[in-house]
Amino acid sequence: MKTVLVQIGRRTLEVEVLGEGDPSTVQTLEIQADIENGLAVKQAIVAYLQRRYWFLKDDVLEEEPSQRFELELASGVSVELTVLGSEISILRINEICEALAQFRMRLRNKDYWKVRSIQVQAEDVPNPKNGQLKRGCEFPMEGRFYLYPTAFHEQDRYRKCLPCSWLQGVTIHETTHVCLEPVSPFVRAWDAAEELSWSKTTPGTLVRHPGGFESRLVNLRPQLCPTPYAALLPDDDRAESVVALLFKGDLHQKRHEILISQAFFERTNEMPRWRVKILPRQIPKLPHFSFRCLPSSDELFEAVGIPAPQVEPRIYDVETYRELIRCGQLHGQPSTSASL
Ligand SMILES: [Zn+2]
């Protein structure tokens with residue numbers, strides 16, 4: 001066994017790397033790295049810990065958080081919410097908690113619930129998909145998402161068209177990404193439904209959205225999507241449709257049908273019983289870890305064969321592309337889950 005010092009953000013952690021005959025403990029974590037390669041071992045440790053502990057990420061502020069809360073959604077089900085910027089009123093925290101509790105209560109299969117933590121970032125960042133500011137950002141593999149300050153400042157109804165606040169809408173949108181994107185029958189049913197009008201662009205072409213985001217997928221009937229944002233990508237269509245379902249906004253029949261058959265109860269008379277608990281501001285201390293190195297599987301990812309020659313795609317403004325499809329000058333292709 002040897003002791004290794006790793007630098008993660010502002011922290012220096014002392015961890016143990018076990019040798020072949022050393023016994024594992026409950027805090028032994030497995031990484032893929034060559035034990036003889038000190039740098040690779042350190043990099044694998046940092047990557048592992050950053051996946052597991054959001055507060056070790058490079059984009060988290062240096063200071064202690066302003067506020068921390070435990071959002072209790074049901075007996076034994078909690079989400080940790082940490083505010084990294086300006087303080088937020090308890091009323092807004094309640095709004096988030098109630099939206100999460102509604103989502104979970106309506107879920108048909110509670111095993112789909114995957115949100116463990118939410119962080120409210122201190123600074124806004126641009127969203128290349130629509131050219132506005134980002135309101136949220138999801139990390140499904142880590143069971144968490146960010147909310148950005150602008151989600152708390154918008155006064156309008158959600159996307160100006162759904163009957164809920166921006167904060168409620170963004171909370172449900174990001175929760176859908178975290179909980180339902182990993183559910184393959186749900187995603188497959190969505191991608192296979194031609195009525196939802198998702199299509200691959202004509203070979204050799206891309207569409208460009210107002211924020212500069214380019215895509216090989218396009219929705220040919222955006223007027224049937226629950227919001228303009230839903231017409232950007234199928235996963236955003238799913239997330240916006242869940243907001244419409246839970247807050248009784250207008251929802252296309254096929255979208256409603258898939259949500260109800262795959263993920264949610266139609267309705268329930270039950271009221272969620274949720275509770276917000278204030279936690280101490282400090283991030284909890286990390287436990288003492290040991291790591292065991294397993295052989296690296298890098299060779300599995302080596303490129304095979306000769307790469308295809310790169311051809312510059314032709315890029316159309318998304319509205320122009322839809323118009324060209326409408327008048328028959330371009331032909332899209334149906335999209336299926338296998339191709340997304
Ligand atoms: Zn999204």
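How many residues lie between S4 and S5 in their hairpin? The hairpin has two residues between its strands, and Gly76 in the turn has a positive phi of about 80°.

## Basis

This is a predicted model, in which local features need pLDDT of at least 70 and side-chain atom pairs count only at pLDDT 80 or more, while totals for chains, interfaces and linings use all residues. Residue numbers start from 1 along each chain as its sequence is written. Helices (H or I, at least four residues) and strands (E, at least two) are DSSP runs, numbered from the N terminus.

Two strands pair if DSSP finds at least two bridges between them. Strand S4 (residues 67-74) and strand S5 (residues 77-83) run antiparallel and are joined by seven bridges. Glu70 has Glu80 in S5 as its bridge partner.

S5 also pairs with strand S6 (residues 117-120), in the parallel sense and over four bridges. Here Thr82 is bridged to Gln119 in S6.

## The sheet S13-S12-S17

Three strands, in the order S13-S12-S17, form an open sheet with mixed pairing. Strand S13 (214-215) and strand S17 (314-317) stand at the edges with a single partner strand each, so one side of each has no neighbour in the sheet. Strand S12 (residues 205-208) and S13 run antiparallel and are joined by two bridges; Val207 has Ser215 in S13 as its bridge partner. Helix H8 (residues 318-326) packs on this sheet and touches S12 and S17, with its direction at about 95° to that of S17.

## Helix H5

Phe186, Trp190 and Asp191 are buried in helix H5 (residues 184-192), where buried means 20 or more other C-beta atoms within 10 Å of the residue's own, exposed 12 or fewer, and partly exposed in between, with C-beta atoms placed from the backbone. Seen down the axis of H5, the buried residues fall within an arc of 125°, so they line one face of the helix; the arc is that of the directions from the helix axis to the C-beta atoms. Ser184 and Pro185, on the other side of H5, are exposed.

The cover over the buried residues of H5 includes helix H4 (166-180), strand S11 (198-200), helix H6 (234-246) and helix H7 (253-262). Contact means C-beta atoms, placed from the backbone, within 7 Å.

## Helices H6 and H7

H6 and H7 pack at an angle of about 85°, with their axes 10 Å apart. Axes are lines fitted to C-alpha atoms, for helices over the stretch in contact, and angles run from 0 to 180 degrees between N-to-C directions. H6 is therefore roughly perpendicular to H7, a term covering 65 to 115 degrees.

Ser241, Val242 and Leu245 in H6 meet Arg255, His256 and Leu259 in H7.

Terms used:
Two residues are in contact if their C-beta atoms, placed from the backbone, lie within 7 Å. Angles under 35 degrees count as roughly parallel, over 145 as roughly antiparallel, 65 to 115 as roughly perpendicular and the rest as oblique.
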